[in-house]
Amino acid sequence: MTDLPPALSDAIRRLADGLGRKGLAASAATMSEHYRQRGASRQVIGGAGDALAYALSRMPATYAAVSAVLDELQARAPGFTPETVLDAGAGPGTASWAVAEVFADALLTLMDHNREFLTLAEAISGDGGNARVELIENDLGRFELGRRFGLVTCAYALTELGDTALLAAAERLWRHCDGALLIVEPGRPRDYQRLLAMRRRLIELGGRVLAPCPHKAECPLIEPDWCHFSVRLSRTRDHMRMKGGTLGYEDEKFSYLVVARPGIGAPAAGRVIRRPEENKFSVSLAVCGPEGLESRVVMSRDKAAFKAAKKLEWGDAI
Ligand SMILES: C[S@@+](CC[C@H](N)C(=O)[O-])C[C@H]1O[C@@H](n2cnc3c(N)ncnc32)[C@H](O)[C@@H]1O
């Protein structure tokens with residue numbers, strides 16, 4: 001399980017202590033319904049309490065998803081160490097916190113069009129001791145920063161753009177990137193379809209897909225199937241209160257894309273794209289590879305392969 005770093009959860013908790021949990025929970029419930037209906041953050045994040053409610057209720061999950069994708073970036077490009085990072089559509093700085101865990105020396109630029117989020121990002125970065133941070137209020141559809149960044153992240157933000165603005169925003173992110181671009185979106189069919197459109201465009205622009213795809217051909221999945229992954233995270237008491245649930249964990253579904261400039265990293269040979277099915281005699285794997293989609297069955301009599309296959313999980317590279 002990937003949980004928020006203690007410095008971050010402490011900073012959020014201290015801020016929440018100053019506001020009533022009841023009001024925050026009400027705000028989180030409204031927000032959750034709004035996101036389910038695919039509404040944009042701006043319509044529900046209008047004050048400091050709303051931004052904090054987001055941090056309590058959604059940040060643990062988006063952090064876990066971004067961390068999983070960063071792990072994949074590191075696995076695909078082990079020597080890649082960006083010095084500068086643009087966190088576009090940063091919200092409270094979720095991706096930046098995850099980036100700081102793996103690239104501790106990177107300078108972080110957080111960009112968002114919502115001042116409430118940036119104010120919260122600043123408050124928690126100060127509290128958490130994360131000082132190498134620049135904040136920019138700007139729009140994903142218009143920003144022009146006049147410089148490029150080693151790593152550009154955009155987590156759960158492009159989903160809030162209309163279809164007509166999407167590809168231009170992806171191109172803009174790519175223009176600001178001279179290393180790797182990491183896009184994370186909710187794991188829903190609609191967002192996967194939109195990721196496919198961005199993937200096509202980024203490949204046309206010279207990008208190399210490092211993950212999740214082990215190839216640059218068209219995605220072999222056929223609708224209504226869609227490529228997505230899942231990460232498990234634990235829920236703190238505050239988190240449970242915001243969610244109104246009793247389970248001590250939740251599973252976050254996400255889709256993603258890691259695209260790099262030529263010369264940086266290489267894709268995996270294959271990827272497990274569904275939860276493996278296992279019994280005493282065999283492990284069945286759905287694998288996406290350069291030749292398309294394959295079902296692989298590893299029998300227990302093939303001891304070494306069986307042992308290795310039992311360790312594979314949904315989303316793993318092979
Ligand atoms: C669901 S939140 C995700 C925040 C953060 N990246 C995370 O993963 O937790 C979506 C973020 O995208 C930002 N956003 C949406 N549309 C935007 C736009 N056109 N320009 C800049 N930011 C935008 C919102 O303000 C919000 O902070």
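Biologist: Where in the chain is Pro212 found?

Modeller: Pro212 sits in the loop between strand 6 (208-211) and strand 7 (229-234). Strands here are DSSP runs of E with at least two residues, helices are H or I runs of at least four, and both are numbered from the N terminus. Residue numbers start from 1 along each chain as its sequence is written. Keep in mind that this is a predicted model: local features need pLDDT of at least 70, side-chain atom pairs count only at pLDDT 80 or more, and totals for chains, interfaces and linings use all residues.

Biologist: Which peptide bond is cis, with omega near 0°?

Modeller: As a general idea, most peptide bonds are trans, and most residues other than glycine have a negative phi. Here the bond from Ala211 to Pro212 is cis, with omega near 0°. Another cis bond joins Glu223 and Pro224, with omega about 10°, and Pro224 belongs to the loop between strand 6 and strand 7.

Biologist: And phi? Which residue has a positive value although it is not a glycine?

Modeller: That's Tyr156, with a phi of about 55°. Tyr156 is in the loop between strand 4 (149-155) and helix 7 (163-175).

Biologist: Is Tyr156 buried or exposed?

Modeller: Count C-beta atoms, placed from the backbone: 20 or more others within 10 Å of a residue's own means buried, 12 or fewer means exposed, and in between is partly exposed. Tyr156 has 23 others within 10 Å, so Tyr156 is buried. Lys280 has 5, so Lys280 is exposed. Lys280 lies in the loop between strand 10 (277-278) and strand 11 (282-289). Over the whole chain, buried residues make up 45% of the 318.

Biologist: How many residues does the largest nonpolar core have?

Modeller: In soluble globular proteins, nonpolar side chains tend to be buried together. A nonpolar core is a set of buried Ala, Val, Leu, Ile, Met, Phe, Trp, Tyr and Cys residues joined through C-beta atoms within 7 Å. The largest one here has 90 residues, and Val69, Ile183, Val184 and Val258 have the most contacts inside it. Helix 4 gives the most to this core, with 10 residues. Domain 1 (6-260) and domain 2 (271-311) both contribute, so the core lies between them.

Biologist: Which residues does Val258 touch?

Modeller: Contact means that the C-beta atoms of two residues, placed from the backbone, lie within 7 Å. Leaving out residues up to four places away in sequence, Val258 touches Val69, Glu72, Leu73, Arg76, Ala180, Leu182, Leu210 and Ala211.

Biologist: How is the chain divided into domains?

Modeller: The bounds come from an automatic or database domain assignment, which gives domain 1 (6-260) and domain 2 (271-311). Their centres, taken over C-alpha atoms, are 31 Å apart. Six residues from domain 1 and seven residues from domain 2 make the contact.
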